Amino acid sequence: MDLHGLDAHLSESASRDRFSGVVRITSGEDELFTGAYGWASRAWNVENTMQTRFDTASVTKLFTAVVALQAVDEGLLALDTKAVGYLGLEDTAIHPDATLGHLLTHTSGIGDDADEEAGEDYADVWKTRISYLVRDTSDLLPQLATKPGNFAPGEGCRYCNAGFVLAGMMVERATGQAYRELVRTRVFERAGMSRSGFFAMDVVEQEVAEGADLVDGRWVRNIYSYPPIGSPDGGAHVTAEDLERFLFAARSGRLLGPDSTERFFAPVAHHSTNREGELRFGYGLEFRFDPEGHLVYFEKEGLNAGASAVLRHYPGRDVTMVMLSNMEDGVWEPRRIAHGLIVGDA
């Protein structure tokens, strides 16, 4: 494949304040493209590098799915374990039949704190809540416990952040460990993700990109747009190479047993169909099929104020693409350009 011109496009986008971040594209062990652009800190004119750690937003859900499936492998939970009964949430609006499997595949139908498919903005949640007090997974429960559901569990597929919050709570109870410690020891360490972690906004960490977006002509930091540290639905920080290491470790069976590895890389539920083909959801991953029914790629993307990220793999070409940005709109146009170059449509 010819990736000529991608660097020029990214450099131009960065010069116009339309992209800030890193891109890494590989085929097997071969590095096809890497590049860092824009500013890790606009206040101090610190440039991004390939060692910069970025907020992954909802890509974090992949780590949550892995620790949940690990608990299933160990017999601590089952995919048909019902969240309400297991967590003692009978006095909430959460459907009592929603299981761990439903939560991880976006088929629970439970209400979301910010329903992205309905156009709700997660940052708006924190206009009426004190974000800096939300540190533990259970601190997120009040904002989703009273939200009405969309459909009965298993009768639809709708993207839901709250499902992964509940899944994280279930794994915490099953293991007796806090979510972030579980991910650190069971995912980051096992996958060799030595530079990844959950970095609080109010603690100084080296080489962590500051999220910011251009709003009404001014750069605005994202420090009031979500809680100060990541949770099961989003907010882990990684480098591009570490995120690629995660995918390799998961595919090679280093994170899950054989059955759960196969389950993790298999689509489960139909989400939607458009001119590009069908989109199916799995246990964290999303699978895109062409109109003829052939798998084109699987991926997980994430966005928040001051953060956007994509991890995508093309199985037929054995190509992996990682894009991380400290801008909400950062990765989407570069992803489109790179996709065209990879599949030969550009």
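Select Glu244 and Arg24. Glu244 is buried, and Arg24 is buried too (buried: under 20% relative accessible area; exposed: over 50%; partly exposed: in between; 1.4 Å probe, protein chains only). The two form a salt bridge, with the closest N and O atoms 2.6 Å apart (a side-chain nitrogen of Lys or Arg within 4 Å of a carboxyl oxygen of Asp or Glu). This pair links distant parts of the chain: Glu244 sits in helix H8 (residues 240-251) and Arg24 in strand S1 (residues 21-27), 220 residues apart. Helices (H or I, at least four residues) and strands (E, at least two) are DSSP runs, numbered from the N terminus. The structure holds 24 salt bridges.

Before moving on, note that this is a predicted model, where local features need pLDDT of at least 70, side-chain atom pairs count only at pLDDT 80 or more, and totals for chains, interfaces and linings use all residues. Residues are numbered from 1 along each chain as its sequence is written, and side-chain values use heavy atoms, with hydrogens and water left out.

**Glu299 and its partners**

Go to Glu299 and show Arg312. Their side chains meet in a salt bridge of 2.9 Å, N to O. Arg312 is in strand S13 (residues 307-314) and Glu299 in strand S12 (residues 295-304), 13 residues apart. Both Arg312 and Glu299 are buried.

Arg335 is buried, as is Glu299.

**Asp113**

Next, select Asp113, in the loop between helix H4 (100-104) and H5. Show Gln143: a polar contact of 2.9 Å joins its side chain to that of Asp113. A polar contact is a pair of N or O atoms within 3.5 Å; within protein, one must be able to donate a hydrogen and the other to accept it, and residues adjacent in sequence count only if both atoms are side-chain atoms.

**Asn48**

Jump to Asn48, in the loop between strand S4 (46-47) and strand S5 (54-55). Asn48 counts as buried because its relative accessibility is 5%. Its side chain makes a polar contact of 3.0 Å with that of Ser20. Residues that Asn48 touches, beyond four places away in sequence, include Trp39, Phe54, Ala209 and Asn326 (contact: heavy atoms within 4.5 Å).

**Two positive phi values**

Select Ala57, in the loop between S5 and helix H2 (61-73). Phi of Ala57 is near 50°, a positive value in a residue other than glycine. Ala57 is buried, at 0% relative accessible area.

Then take Asp318, in the loop between S13 and strand S14 (319-325). Phi of Asp318 is also positive, near 50°, and the residue is not glycine. Asp318 is partly exposed, with a relative accessible area of 31%.

**Last stop: Ile130**

Finish at Ile130, in the loop between helix H5 (122-125) and helix H6 (161-175). Ile130 counts as partly exposed, at 47% relative accessibility.
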